[in-house]
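Here is a short report on how two chains meet. Read it with the structure open.

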Number of protein chains: 2
Amino acid sequence: MITKNQIKLINSLAQKKYRKQHGLFIVQGEKNVVELFSSNFEIHQVFATESFLAKYPAELSTTHFVAASPEELAKAGTFSTNNTVIALVKTRQLALPENNLNELVLALDGVSDPGNLGTLIRLADWYGIKQIVASEDCADVYNPKVISATMGSFCRVEVVNTDLAAYLSQQTVPVYGAFLEGENIYQTTLSSQGVIVLGSESHGIRDEVSSFISHKITIPSFGQAESLNVAMAGAIILDNFKRA
Amino acid sequence: MITKNQIKLINSLAQKKYRKQHGLFIVQGEKNVVELFSSNFEIHQVFATESFLAKYPAELSTTHFVAASPEELAKAGTFSTNNTVIALVKTRQLALPENNLNELVLALDGVSDPGNLGTLIRLADWYGIKQIVASEDCADVYNPKVISATMGSFCRVEVVNTDLAAYLSQQTVPVYGAFLEGENIYQTTLSSQGVIVLGSESHGIRDEVSSFISHKITIPSFGQAESLNVAMAGAIILDNFKRA
């Protein structure tokens, strides 16, 4: 059974303030929680049905486990469709990627929609990008909607918030940025090393950030839509980098 | 002022049943409504602020216009952030695309999430695809969440619901389908004519539909994510077709 105090704690972790205060975030649903077991995140506590425990006895053997009914779980979490498992997990402080890494790093400037951030983390994972550098005003990676949209990829992709302009000013590798009027990405030489910057859907890449961009790139349009959302643009751009 | 009966009508149009009954759907927000003005949709009525009227006098000259306050608009619509304009628009009955068109047609099998459908319509518009054929259980194109996610592209891309297997059985052009285990899309000859089928995120393309697919294609993975969501996959696949 989930106690009143535990429900209060779980509910509070929907807010960034309390995630910071407790150093915890919530992971909901079988797919996301199972990915946790093989990650280096530290699980604080798991609330789950007995049948979930029966399915993952080894993984849960060292975990503080609380048995709960599907109804309790649906009520305690932020997603009413999740009635299997909620994990409380310790947040972590990550260091920025080393400067001028010999691989691709994704950088996000003001991507504030949690669904978009989560989708971009999943995409990064698909394309083998292990590190995302995000401006301070991006959505919080520990937001339940972000975690949910990653479909488990939050376990493999590190997201660090920082002053993006300051980070980019340290890079001597190519810094690519997505603009509506840049060089046709199909005709651009795309390096396997460097930073790819995506801006917010409403404002694009900020001036203070764009001054550090060495290659402005654009996805050619064949129709009349004015723009693509940032997750779509990210998907297409990463595919162009990797297929090259 | 928006009357009680008008609010009741607007609210009811969030549901498919009432959209069907009234033959109307709602379009909210400046961007989407302005796109309507240059489309061949028939506007039934517009509720908007006086300043919206002042901005688009010519476009609204022949329209049944009701002045409303921002508060009224935010309350009447399904998006509390929209306090500028709500249009009631007549739904339309579209014919299926001709068989074996000399261009690309997008086909969707069971894409039930409105955000994904709206995003795919926007993507189709970006890549110059004018027609989408959708299985009967896809999200309704007139759902307010779909319209919103299209960012105006619903005005340029025609979506027709039909029995997808029956439609595909009529095609002699290539029928491509996205599968997790198909031919590497980078190495596939992609025609400028044919049908591209995307399945639902949870179940993929149904067996009855997949039997009509002549080319199974796959987006190569470079990392560990198990899958991409259908809108992401659509973005990458359309880009591969068009860049070819």
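A salt bridge here is a side-chain nitrogen of Lys or Arg within 4 Å of a carboxyl oxygen of Asp or Glu. One such pair joins Glu226(A) to Lys31(B), with N to O at 3.2 Å. The model is predicted. By this rule, four salt bridges cross the interface of chain A and chain B. Polar contacts link 24 residue pairs between chain A and chain B, counting pairs with both residues at pLDDT 80 or more.

Which helices of chain A each supply at least two residues of the side that touches chain B? They are H3, H7 and H11. Their residue ranges are tabulated here.

| Helix of chain A | Residues |
|---|---|
| H3 | 30–37 |
| H7 | 114–126 |
| H11 | 230–243 |

H11(A) gives the largest share of this side, eight residues. By type, the side of chain A that touches chain B has 14 nonpolar, nine polar and 10 charged residues.

Now the extent of the contact. The size of an interface is often given as the accessible area lost when the parts come together. Between chain A and chain B the buried area is about 3,000 Å². Carbon and sulfur atoms give 58% of that area. Three residues, Arg122(A), Trp126(A) and Arg243(A), supply 26% of the area that chain A buries against chain B. The contact draws 33 residues from chain A and 33 residues from chain B.

One annotation remains. An unreviewed UniProt entry places "domain: MRM3-like substrate binding" at residues 5–86 of chain A. In the model, that span is 49% helix and 20% strand. Its end C-alpha atoms lie 15 Å apart.

Conventions
Residues numbered from 1 in each chain as written. Chains lettered and ligands numbered in written order. Predicted model: local features only at pLDDT ≥ 70, side-chain atom pairs only at ≥ 80, totals over all residues. Heavy atoms only, no water. Contact = heavy atoms within 4.5 Å. Buried area = accessible area lost by both parts, 1.4 Å probe. Polar contact = N/O pair within 3.5 Å; in protein donor to acceptor, adjacent residues only side chain to side chain. Helix = DSSP H or I, 4+ residues; strand = E, 2+ residues; numbered from the N terminus. Nonpolar A, V, L, I, M, F, W, Y, C, P; charged D, E, K, R; others polar. UniProt positions renumbered as here; feature names shortened; annotations may be inferred.
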